[in-house]
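Come along and follow my entries.

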Amino acid sequence: MNNLLRTTAGALSMTVALWTGAIAQPAGDAPPAPRVERAGGMSYVNGGVGEEARAVIDRLSPDFALRNVFSGQGGQYVVAERVTLQNASGGEPVVILNAGPILMISLPPGRYTMEATVGGQLQRKTVQVGSAPTRVDWRWPGA
């Protein structure tokens, strides 16, 4: 009888461990949580698909001078295949792939040129970053 209880308890423990492990793991198609990344000497946070990801981005936003929001004409979020950022003095541009729908960048004050591509459509904007946070809304018709 003692062996039967141990076997049953062990099977139950394994079932609970497997079940809770499956619950704790993110879904296979869920995007990773946004995190601070570095490219070209600057920090950025990229993501925002889902409420939890947007909450992470909102908590991090005070540390970033520039917030880009990518959307279609109807306001639905989209992801830019490629974003290029270059300061006014030239230099090597920074390229971020699969950006958005929210892309926050930590930059010193200055003038920057940005290009973003969604669905093969390129848009270019000149952005002035100052001491207060700057928000740039990008919209693509037909996206």
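Before the first entry, I noted that strands are DSSP runs of E with at least two residues, numbered from the N terminus. I also wrote down that this is a predicted model.

**Entry: A116**

I looked up A116 and found it in strand 7, which covers residues 110-118. Is A116 buried or exposed? Its relative accessible area is 0%, so A116 is buried. Next I asked which residues A116 touches, leaving out those up to four places away in sequence. My list has F70, A80, R82, V83, Q121, L122, Q123, W138 and W140. I also checked V79: V79 and A116 are 37 residues apart in sequence, and their C-alpha atoms are 9.7 Å apart in space.

**Entry: salt bridges**

How many salt bridges does the structure hold? I found 3.

- I saw that the side chains of R67 and D58 meet in a salt bridge at 3.2 Å, N to O. R67 has a relative accessible area of 18%, which is under 20%, so R67 counts as buried. D58 is partly exposed at 42%.
- I then turned to R124 and E115, whose side chains meet in a salt bridge at 2.2 Å, N to O. R124 is exposed, with 57% relative accessibility, and E115 is partly exposed, with 22%.
- I finished with D137 and R135, where the side chains form a salt bridge at 2.9 Å, N to O. Why does R135 count as exposed? Its relative accessible area is 51%, and exposed means over 50%. D137 is partly exposed, at 40%.

Conventions
Residues are numbered from 1 along each chain as its sequence is written. This is a predicted model: local features need pLDDT of at least 70, side-chain atom pairs count only at pLDDT 80 or more; totals for chains, interfaces and linings use all residues. Side-chain values use heavy atoms; hydrogens and water are left out. Helices (H or I, at least four residues) and strands (E, at least two) are DSSP runs, numbered from the N terminus. Buried means under 20% relative accessible area, exposed over 50%, partly exposed in between (1.4 Å probe, protein chains only). Contact means heavy atoms within 4.5 Å. A salt bridge is a side-chain nitrogen of Lys or Arg within 4 Å of a carboxyl oxygen of Asp or Glu.
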